[in-house]
Amino acid sequence: MAATATPQAVEETVTESLVNFGADPESINRDATLEDIDIDSLDLVELTQVVEETYDIDLEGSDFKNIKTVGDVVDLIVEKVG
Amino acid sequence: MRDVVITGVGAVTPLGVGARALYERWASGECGIRDGEAPCADFDATDFMTSKEARRADRSTQLAIAAGEEALAEAGWDEGLPYDPDLIGCVLGTGIGGIATLEGNHDSLRDSGPDSVSPLAIPLMMSNAGSAALSLRHDLRGPVFSTVSACAAGSHAIGTALRMIQHGDAEAVVTGGSEAPLTELSRAAFKRMNALSPSGVSRPFDARRDGFVMGEGAGVLVLEAGDAARARGARILGTLRGYGASGDAHHITAPHKEGRGGARAMSVALSDAGVTAEEVDYVNAHGTSTQLNDRAETLALKIALGEHAKQIPISSTKSAIGHLLGAAGAVEAVATVLALRDRIAPPTIGWEEPDEEMDLDYVPGTAKPLEMANGRPPIAISNSFGFGGHNATLCLQAA
C-alpha cells in the first residue's frame, strides 16, 4: 500500500533520505540546490529507489534532467503521484 | 636507480587502530584472535570519515581509508601533498573486495527482487574501491589501481608501487592493502576447502597447526623517491630495497611441495635489492598456520637463504592477528618496518611443538633482539603467497 503523497509528506520523505545520504540537515530547504548540499547522481538514484517504493511510482533518469533544487525534487514526485 | 623510502605507515588490525598498536602489541606477545576469528573490534568508520563517505565504502575500503589517514599524517602529508598530484599514485591490494556488499545485495535481490539492489552495490564491491577511495580523498592523480592476487595482493601492490617510483611514473605512491572478509559466505567457503583452523588457533610452524584464522584489516605505507623525500626533509622510517614475484605454476591452491615458487620470489627480491642471503637479519614469514604453507615456506627459505636460514629469526605476524588475506602483506610490511626500527624480531605467538624437518628459529615465546655483524641498519624480507600460486617478497631495511 503506497503512502499518501501530500506535498508535506513527500518533503519529509525526501529530507529524511537526503540526511541519510549525508546531507547537512540544517542546509536542506526547498531552495537549496542539490550541488550545495552535496547530493550527486548516485544519491538521486538511491532517492528514486526510496520514493518508488514509498509511493508506488516509476521514475526515469530523464525525469531528473531539469532538477536543480530540493523543491524541484519534491514537486516532481508530487506531480508523478498525482 | 632511485632508492625508495618509507615515510609513513598506518594500520587497522585485530590488535587495534594504528600501526603502533599492531607492532607493539604483537611484539609484547598479545594476540587479537577471539573465538576463532580476528575482527577489528575497535574500529568505528565514522572516527575517520563523514557518514557520506562511510555509506559509500564497503568495510574493506573504510579500513583502507583509516590506515591511509594515519600513514599520510605520519609522512607529514596532512597539511598538503608534497608533490604534484599528477606524480602521486595509489596502489592497494585486496583478495576479495567488497564481499559483504555483494552478499547483502544478493540477499536483497533474492528476497525483494532486482529493484531492491542498491545503486551503490557496484562501486562498493569493486575490488579497486580502496585505491579509488584514497585517490578521491587525497587528490592522488598519478597511476591509481588495485592488485588482485589473493593473499599476496598487499605485497604485489607494494612491489608495484616500488617499480612505479623507480621507473619515474610517480614521485610517491600510497600503497598497501585491505580486506574485510568476515562474512557468512567467505567463512563457509574457506571452511569447505578445509583452509580454516577448526581449533580456532593460529600457530604458524607449530606441529599442531591446523589451518588459518581469518582476520580483517588494512595496512598502508607512503613510499617516496628517496632523493625527493630527503630534499623535503621527510622523516624516513626505512627503505624498500627490493621486490621479487613469481608463479608456482603448480596447483590452484596448494603451494609447490618443495617451495619452488616461494624460493624464487625471495631470491629475485634479494637480487633486486642487491642484498646477499647472508645479509638478511630477519624474515617476516607468510606463515599462515596451514600444514602445507608452513612446510613449503620453510623449504623455500632453506633454498633461498641456504644455511643462513637456520641462523636468523623467522616469525609470523599471523600468530597475533590471523590471516588478513589481501591485506596481509601490507600489514606485515608495516609491522616489519617498525620491528626493524627497534631492532627486534617479534615472536611467533603460540609456537611450542617443533614439526619434523621444520627446524628454523621461529622465535617462540618472546621477541628477540636482532644482531647485525657490522652495526648497519637491519634488513628483512617479508613473504606473501596467494592461492593461484602467486608469490611476492619484499626486501626492507631500517633507516
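Begin by selecting residues 260-273 of chain B, which form helix H10. Helices (H or I, at least four residues) and strands (E, at least two) are DSSP runs, numbered from the N terminus. The expected span of a helix is 1.5 Å times one less than its number of residues; for the 14 residues of H10(B) this gives 20 Å, and the end C-alpha atoms are 20 Å apart, which agrees.

A note on the model is needed here. It is predicted: local features need pLDDT of at least 70, side-chain atom pairs count only at pLDDT 80 or more, and totals for chains, interfaces and linings use all residues. Residues are numbered from 1 along each chain as its sequence is written, while chains are lettered from A and ligands numbered from 1 in the order in which they are written.

**Around the helix**

Eleven of the 14 residues of H10(B) are buried (20 or more other C-beta atoms within 10 Å of a residue's own; exposed means 12 or fewer, partly exposed in between, with C-beta atoms placed from the backbone). Among them are Arg264(B), Met266(B) and Asp272(B). Now display strands S7 (238-247), S12 (379-386) and S13 (390-398) and helix H11 (291-305) of chain B, which are included in what covers these buried residues.

**Strand S7**

Nine of the ten residues of S7(B) are buried. Two strands pair if DSSP finds at least two bridges between them. S7(B) is joined to strand S1 (residues 4-13) of chain B by two bridges, in the antiparallel sense; there, Val5(B) has Thr239(B) as its partner. With S13(B), S7(B) pairs antiparallel over nine bridges.

Which residue of S13(B) is the bridge partner of Gly242(B)? Select Cys395(B) to see the partner: the two C-alpha atoms are separated by 4.8 Å, although the residues are 153 apart along the chain. Gly242(B) is buried because 23 other C-beta atoms lie within 10 Å. Beyond its neighbours within four places in sequence, its contacts (C-beta atoms, placed from the backbone, within 7 Å) include Ala269(B), Leu270(B) and Ala273(B).

**Strand S13**

Next, select S13(B), which is largely enclosed because nine of its nine residues are buried. In a regular strand the side chains alternate between the two faces of the sheet. Leu394(B) and Leu396(B) are among the buried residues on one side, and Thr393(B) and Cys395(B) among those on the other.

Terms used: Contact = placed C-beta atoms within 7 Å.
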